Amino acid sequence: MGGSGTGATTRGDGHSRLGSTLSGLAVAVGCVLFLGGFVWAALVYRPYTVPTDSMSPTVTSGERVLAQRIDGAEVRRGDVVVFTDSRWSNTPMIKRVVGVGGDKVVCCDDRGRLTLNGEAVEEPYLHPGIPGDEQTASPTEFSATVPDGHLFLLGDHRAGSQDSRVHLTEPGQGSVPRKAVTGRVDAVVWPLDGVVERPDAFAALPGGVSRPGPVVPLTWAVVAGAGLIFGGAAYGPVAAALRRTGRRGEAGAAARG
């Protein structure tokens with residue numbers, strides 16, 4: 001009888017040691033994922049606060065966004081970018097790229113659409129405007145040819161955006177140099193609104209659209225890391241409580257016997 005009790009205790013201690021080892025490993029891996037995710041994010045992304053509603057409904061005033069740190073050469077049509085150009089403002093601004101070097105940007109065609117090099121572009125991301133009014137890509141008509149190494153930028157709220165259209169008489173016909181771009185908006189993080197999608201409208205054009213940044217795997221790394229940390233840390237108290245419950249049950253059974 002005594003030998004049986006010793007064997008049960010030994011097995012219990014063995015399970016306890018194994019559980020403690022696994023929980024410690026889970027916490028260690030969790031810390032690597034959690035902290036590594038934040039460090040990776042700090043290297044790849046920079047947060048910005050959206051200053052106006054000119055990009056509504058894609059992003060609106062006061063929202064916090066993550067912009068991937070990129071070189072201007074990486075920018076593609078359809079990207080929502082952060083840039084600073086002294087002719088526009090001395091503060092960072094957020095607009096959408098609708099034309100790159102060599103493009104002829106014209107608005108509007110007979111259906112109120114923007115055209116690039118004669119091809120109409122469907123823009124489902126545009127602000128819906130006033131109910132009952134026919135939506136157009138711009139309330140004012142314009143035409144511009146984008147110089148090499150430059151970008152033509154418009155807000156998604158075309159009726160309320162100060163963008164390339166108001167700088168058409170300046171050098172470059174309202175475009176800004178690629179080197180003015182400091183980031184590409186990947187996600188809205190406050191309030192949590194998810195990833196900013198690349199529009200299909202530009203995918204078929206030469207150069208296509210840009211690839212999403214690593215915001216999704218970064219998020220999963222941080223979430224998984226937090227889960228492992230909390231799960232591993234909770235093992236000890238839970239296991240101890242279960243052992244105490246088991247011992248009380250054994251004691252009660254022995255007393256009844």
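**Entry 1: the disulfide**

I count a disulfide wherever two cysteine sulfur atoms lie within 2.5 Å of each other. I'm working on a predicted model here. My search of the whole structure turned up 1 disulfide. The bond joins C107 to C108, with an S to S distance of 2.1 Å. I then looked at the torsion about the S-S bond of C107 and C108: it is about 70°, so the disulfide is right-handed.

C107 and C108 are joined by a cis peptide bond, with omega at about 5°. C108 sits in the loop between β5 (104–107) and β6. Is C107 buried or exposed? I get 3% relative accessibility for C107, so it goes down as buried. While on cysteines, I also checked C31: its relative accessible area is 31%, so I noted it as partly exposed.

**Entry 2: stepping back to the whole chain**

I counted 2 helices and 12 strands in the protein chain. Reading from the N terminus, the order is α-β-β-β-β-β-β-β-β-β-β-β-β-α. The chain has 257 residues, and 39% of them count as buried. For the accessible surface I have about 14,100 Å², with 61% of that belonging to carbon and sulfur atoms. I also looked at contacts with a separation of 6 or more: residues 24 or more positions apart account for 66% of them.

**Entry 3: F152**

Next I picked a strand residue. F152 lies in β9, which covers residues 150–154. Its relative accessible area is 0%, so I call F152 buried. What does F152 touch, beyond its neighbours within four places in sequence? My contact list for F152 includes R96, V97, V98 and G99, along with F142, A144 and V146. Also among the contacts of F152 are L168, Q173 and S175. I took one C-alpha distance as well: F152 and V176 are 24 residues apart in sequence, yet 6.7 Å apart in space.

Two of those contacts got a second look. R96 places its charged end over the ring of Y125, 3.7 Å from the ring centre. Q173 is in the loop between β9 and β10 (176–177). The phi of Q173 is positive, about 50°, although Q173 is not a glycine. With a relative accessible area of 30%, Q173 is partly exposed.

**Entry 4: D85**

Where is D85? I found D85 in the loop between β3 (80–83) and β4 (93–100). Why do I log D85 as buried? Its relative accessible area is 8%, and the cut-off for buried is under 20%. Leaving out neighbours within four places in sequence, I have D85 in contact with V176 and P177.

I then moved to T115, which has its place in strand β6 (residues 114–116). T115 is buried, at 11% relative accessible area. Its contacts, apart from neighbours within four places in sequence, are K104, V105, V106, D109 and A120.

N117 lies in the loop between β6 and β7 (119–121). Its phi is positive, about 50°, and N117 is not a glycine. I get a relative accessible area of 44% for N117, which makes it partly exposed.

**Entry 5: aromatic pairs**

How many aromatic pairs does a search of the whole structure find? I got 3. One of them is F34 with F38: the ring centres are 5.1 Å apart and the planes stand at 70°, so I have the pair as edge-to-face. Both F34 and F38 lie in helix α1 (residues 2–44), 4 residues apart, or about one turn of the helix. F34 is partly exposed at 27% relative accessible area, and F38 is partly exposed at 49%.

I also looked up F83 and W88, an edge-to-face pair with 5.2 Å centre to centre and 90° between the planes. F83 is buried, and W88 is as well.

**Entry 6: one more cis bond**

W190 and P191 are joined by a cis peptide bond, with omega at about -5°. I placed P191 in the loop between β11 (181–190) and β12 (192–195).

Notes:
Residues numbered from 1 in each chain as written. Predicted model: local features only at pLDDT ≥ 70, side-chain atom pairs only at ≥ 80, totals over all residues. Heavy atoms only, no water. Buried < 20%, exposed > 50% of the residue type's maximum accessible area, 1.4 Å probe, protein only. Contact = heavy atoms within 4.5 Å. Areas by Shrake-Rupley, 256 points an atom, 1.4 Å probe, with all protein chains shown as cover. Phe/Tyr/Trp six-rings, centres within 6.5 Å; stacked < 30°, edge-to-face > 60°. Lys NZ or Arg CZ within 6 Å of the ring centre and 35° of its normal.
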